[in-house]
Structure formats: C-alpha cells, structure tokens
Amino acid sequence: MNRGGIPIARIAGIKISADWSVLVIGALFAWGVAAGAVPVYAAGTPVWIAWGVGVIAALLLIASLAAHEMGHALLARHRGLSVDGIKLWLFGGVAQISGDWMTGRTEMLVAAIGPAVSFLVVGIFVAISWVMISVGAPAIVAIVPEWLAGVNLLLLLFNLIPAFPLDGGRILRGFLWTRTKNRMTATVAASRAGRFFAVVLIGVGVLDLFFVDPVGGLWLVLIGWFLDSAARGEAHGEQARHALEGMLVGDVMSKNPVIVPSWITVELLVDQYVMGHQFTSFPTHSIDGRIDGLVTMRGIKQVPAQQRSNRRAIDIAIPIDRVPIARPDEHMTDLLKRLGPASDGRAMVYDGGTLVGLISPSDIARLFQTGPGKTAARVAA
Ligand SMILES: [Zn+2]
C-alpha cells in the first residue's frame, strides 16, 4: 500500500517514500543554511550560491534522517518484524514497522540502532569537516559538513529523551520490559517518564516564550504537548492491546452483515435497511454482485434530508480499497494496526471469498464494557 507517499528509492528491499510535507522541512533546512549559517561563516557569498549550498545541505540532512530510519528498519526485519517501508514527512522520518515487538530486548535494540546510526553519521561529517579544514577548503564548502554534524547531533540528543514516541522512550520501555518481564507495567512507567519530560519541556518553553525567544519557546511548548499526548496515547493503546490480547477477529466481529445494492438511493437505504437493523455500517454490492464499498451511519448522516432521494449509496460509500480486510482467525491486535480514519475505524472480514462479518469501533468498545471477567474468559478460550 502506498498510503499517499511518493516513492523515492528502494534500498536493501526497503521502500523509502516521502510525503509532500517533507518539502516543508527541506525548505526550512535550506533556509537555515542559506540565510543563517552562510552569512555568518561565509559573508559576501552571492545569494544564489548560498541557496544552492542550502539545498544540498538540506538534501544531505534528509538522507541522514533516512539512514537513521534505515537502521531501525533493517534491524527490525532482521529480528523477524515486518517492515512496510520508510516514510519521510514533516517531523523527519518513520520506519513503518508492523507486527509486535515480541520482546523488550527487540524493542530496545531496534530503538537504539537509530541513534547509533545518527552517531555514526555525526562522526562521518565531523571527519569530513576536519579534512576540509585541514586542506584549507573555502568556508562556503566547509560549513556543509559542519552544519550537518551539528544538526544531526542535536536531533540525536533530542531523540534520546526518554519519552514516547522518541527512540529514548522506546529504549526505556524495552529496558523496563526486559527487567520486569511485564510489558504493561513497563509501558505505564515509560509513559509516566514521557509525561514528566513533556511537562519539563513545556515549562522550559513557557519561560523561553516570555523571557528569551518567543518562537523557540512556542516550538518547545508544541513539542512538549505533542510528546505528552503521544505518551498518553501509548498508555491507552497498551491497555487496548492488553484487553484484546489473544482475541480473534472472528470473536469480535458483527456477523452476517447486511449487504445492500450500491445503486439504491440513500432514502431507500435508510427506509429499508438502516431502520430495523442494529448495524452501523452496510457493505454495498454492484450489479454483478461484487462488494464495492461500505456505507456508514456517519456517511448517511452527512447527506441533508432533501438530498437523500437523489444520492445513491455508492456516492457516499467508503471505496472498497480503503477498507482493511481481515480473516476471522486473525488476531485482533494485528488488525488494530491497520484500522484507521480512512475506513472510519472499520474492517471487512472475509472467510475464503465470502464476506462473513464487519469490525466497527462499537464492536471493540463493547469488549471493554463486558468487564474484565468476560474478557479474561474469552482470552483463555
Ligand atoms: Zn529513531
């Protein structure tokens, strides 16, 4: 699946793609060099050369970020996790690793390799910079490796802050998990540590905002807020994962979905199918019988009442290629990673070639309401 990324390269079987937002950070980096470093260290450089150097430095920095992610991806694959690829975007890069960490040691090592690669990258740029200075290279050339070493070092240090989803947070959780042999308590502890650091960052940011540098301060506050919500999200996700552990898609799904013709009007759909069924989503089929979409209550509610007679089910359906497909014997924890806003948190369950069920957010919510006793019994079954 492409997920909207633009493919750039494939290295060692790992696909690297970029989101358009990477252009934003690329431009910021280039600007930082062209308007920040060049005028200070190589004053008098023509603007077009400054920008040329800025663009080269930005490209090399994005390549360094990709190398960091490549470290995560290759080690994850080596330790038996499946890797969907590397995506570069606004906040740098992400190695899209699916499947479970399995052990704390795996999580710790996979998290640690990224900063290790960055450390190596810093070392390489320091060496290049040293060589350039000793051969007396012009300042406009020598600032590139120096700037790259500096920015990579800053990013490396930031990444080691023990807060999710930064590498430091994963190293901490993997470490605690290995020590306590309990993933749940390790996550709770790591999440608390993450929130502590987030609060510290926000505090420093607020002081910075009022007394030193408003822009830098605001940036720190934003990062702190982002880390705090990530830490809370990680703890919640872990609770959900814990509750769903051992459960199969077939246990959770709503069985025997009502499949509706895709060409009927929304009005007919509401009168004939929505009323009288407890379902919150309806797969649609085309004239030749193929399933071609999924209509949700949310989609139906968005159609104003006066337009319900001239819009068809297929017009408001989520296209079939955006809906994740699952098997009844698949683990819920595996499916969870594929559920997302593109399908309104829903999935279709196929047994062989037959649609046998649907998973919706309410199916998952129901599990949490049945109480721990029932969940435990189902896990054991
Ligand atoms: Zn990393």
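Two strands are taken to pair if DSSP finds at least two bridges between them. Helices (H or I, at least four residues) and strands (E, at least two) are DSSP runs, numbered from the N terminus. The structure is a predicted model, in which local features need pLDDT of at least 70, side-chain atom pairs count only at pLDDT 80 or more, and totals for chains, interfaces and linings use all residues. Residues are numbered from 1 along each chain as its sequence is written, and side-chain values use heavy atoms, with hydrogens and water left out.

The secondary structure of the protein comprises 14 helices and twelve strands. The C-alpha trace spans about 80 × 55 × 45 Å along its principal axes. Of the 381 residues, 44% count as buried, where buried means under 20% relative accessible area, exposed over 50% and partly exposed in between (1.4 Å probe, protein chains only). The accessible surface amounts to about 19,900 Å², and carbon and sulfur atoms account for 67% of this area; accessible areas come from the Shrake-Rupley method with a 1.4 Å probe, and for residues only the protein chains shown count as cover. Among contacts (heavy atoms within 4.5 Å) between residues at least 6 apart in sequence, 60% join residues at least 24 apart.

Strand 5 is joined to strand 12 (residues 354-359) by two bridges in the antiparallel sense, and Ser254 lies opposite Leu358 of strand 12. Asn256 belongs to the loop between strand 5 and strand 6 (260-261). The phi of Asn256 is near 45 degrees, a positive value in a residue other than glycine. Because its relative accessible area is 63%, Asn256 is classed as exposed.

Helix 4 (residues 139-159) contains 21 residues and extends 30 Å from its first C-alpha to its last, close to the 30 Å expected at 1.5 Å a residue; the expected span is 1.5 Å times one less than the number of residues. The buried residues of helix 4 include Ile140, Trp147, Leu148, Asn152 and Asn159. The cover over the buried residues of helix 4 includes helix 1, helix 2, helix 3 (104-134) and helix 5 (167-180).

Leu176 is located in helix 5. Leu176 and Arg105 are separated by 71 residues in sequence and by 9.6 Å in space, C-alpha to C-alpha. Residues up to four places away in sequence aside, Leu176 touches Lys181, Ala186, Ala189 and Ala190. Of these, Lys181 is placed in the loop between helix 5 and helix 6 (183-212). Lys181 has a phi near 60 degrees, a positive value in a residue other than glycine. With a relative accessibility of 70%, Lys181 counts as exposed.

A nonpolar surface patch of about 930 Å² is formed by Val24, Leu28, Trp31, Val47, Trp51, Val55, Leu59, Trp89, Leu90 and Val94. Patches are made of residues with over 30% relative accessible area and no salt bridge, like charges being joined within 9 Å and nonpolar side chains (Val, Leu, Ile, Met, Phe, Trp, Tyr) within 5 Å; a salt bridge is a side-chain nitrogen of Lys or Arg within 4 Å of a carboxyl oxygen of Asp or Glu. Helix 1 (22-41) and helix 2 (47-78) each provide at least two residues of the patch, and helix 2 gives the most, with four. Val55 lies in helix 2 and counts as partly exposed because its relative accessibility is 41%.
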